[in-house]
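I opened the model to look up a few residues and the strands around them. These are my notes, in the order I made them.

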Amino acid sequence: MTAKSVIPVTQDRAVARREQNPFSMLQHEIDRLFDGFTRSFAPFSQNPVVPNMDVAETDKEIEITAELPGLEEKDVQINVTDNLLTIRGEKKNQREEKEKDYHLVERSYGSFLRTVELPSGVNLDTIKATISKGILKVTVPKPAPSQVKKIEVKTAA
């Protein structure tokens with residue numbers, strides 16, 4: 001399995017990769033800086049709900065853990081298409097407070113989408129997902145390593 005296969009995919013569905021060109025690396029860092037800066041303005045952004053995620057690997061499986069506080073299994077949808085595992089959900093605002101005036105709102109509501117590229121050859125029927133106390137855990141068994149077959153080269157007659 002390569003490191004590329006567990007790197008989250010960006011919103012435009014292009015795999016996040018390191019660039020070799022120093023100017024591209026500089027542009028990437030500037031973009032990252034501004035993305036981090038604008039996240040602090042959650043009420044003004046279009047997608048304020050982006051769950052934090054860990055991707056870990058053992059010899060036998062890949063484990064994806066995401067923080068989804070306040071969500072239940074009915075609020076989360078997981079799909080796999082073309083080796084891309086997508087976690088999608090929505091945190092709904094369900095308040096009915098008629099006599100409160102808010103001076104500070106820090107809780108985020110809205111829909112989210114996170115995507116991780118899986119290695120090729122994963123058996124989709126063996127993927128398991130559980131959610132408990134706001135923590136989603138997706139377990140993906142690794143595919144068997146591909147076999148290397150040496151082909152003997154002969155002299156042409």
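**Entry 1: Glu117.** I looked up Glu117 and found it in strand E6. Strands here are DSSP runs of E of at least two residues, helices are runs of H or I of at least four, and both are numbered from the N terminus. Glu117 counts as buried because its relative accessibility is 16%. The cut-offs I used are under 20% relative accessible area for buried, over 50% for exposed and partly exposed in between, with a 1.4 Å probe and protein chains only. I then checked Asn83, which is 34 residues from Glu117 along the chain, and the C-alpha atoms of the two are separated by 5.8 Å.

**Entry 2: where the values come from.** The model is predicted, so I noted its limits: local features need pLDDT of at least 70 and side-chain atom pairs count only at pLDDT 80 or more, while totals for chains, interfaces and linings use all residues. Residues are numbered from 1 along each chain as its sequence is written, and side-chain values use heavy atoms, with hydrogens and water left out.

**Entry 3: the chain.** I read off 1 helix and 8 strands in the protein chain. Their order from the N terminus is β-α-β-β-β-β-β-β-β. Of the 157 residues, 20% are buried.

**Entry 4: E4 and E5.** Strand E4 (residues 76-81) and strand E5 (residues 84-91) run antiparallel and are joined by 6 bridges. Two strands pair if DSSP finds at least two bridges between them. Val76 stands opposite Gly89 in E5. The hairpin has 2 residues between its strands.

Entry 5: Most residues other than glycine have a negative phi. Asp82, in the loop between E4 and E5, has a positive phi of about 50° although it is not a glycine. Lys133, in the loop between strand E7 (128-132) and E8, has a positive phi of about 55° and is not a glycine either. Is Asp82 buried or exposed? Asp82 is exposed, at 72% relative accessible area, and Lys133 is exposed at 84%.

**Entry 6: the core.** The largest nonpolar core has 17 residues, and Ile64, Leu85, Ile87 and Val140 touch the most other members. Strands E3 (61-67), E5, E6 (110-117) and E8 (135-141) each give two or more residues to this core. A nonpolar core is a set of buried Ala, Val, Leu, Ile, Met, Phe, Trp, Tyr and Cys residues joined through side-chain atoms within 4.5 Å. I listed contacts of Ile87 beyond four places in sequence; among them are Met53, Ile64, Phe112 and Leu136. Contact means heavy atoms within 4.5 Å.
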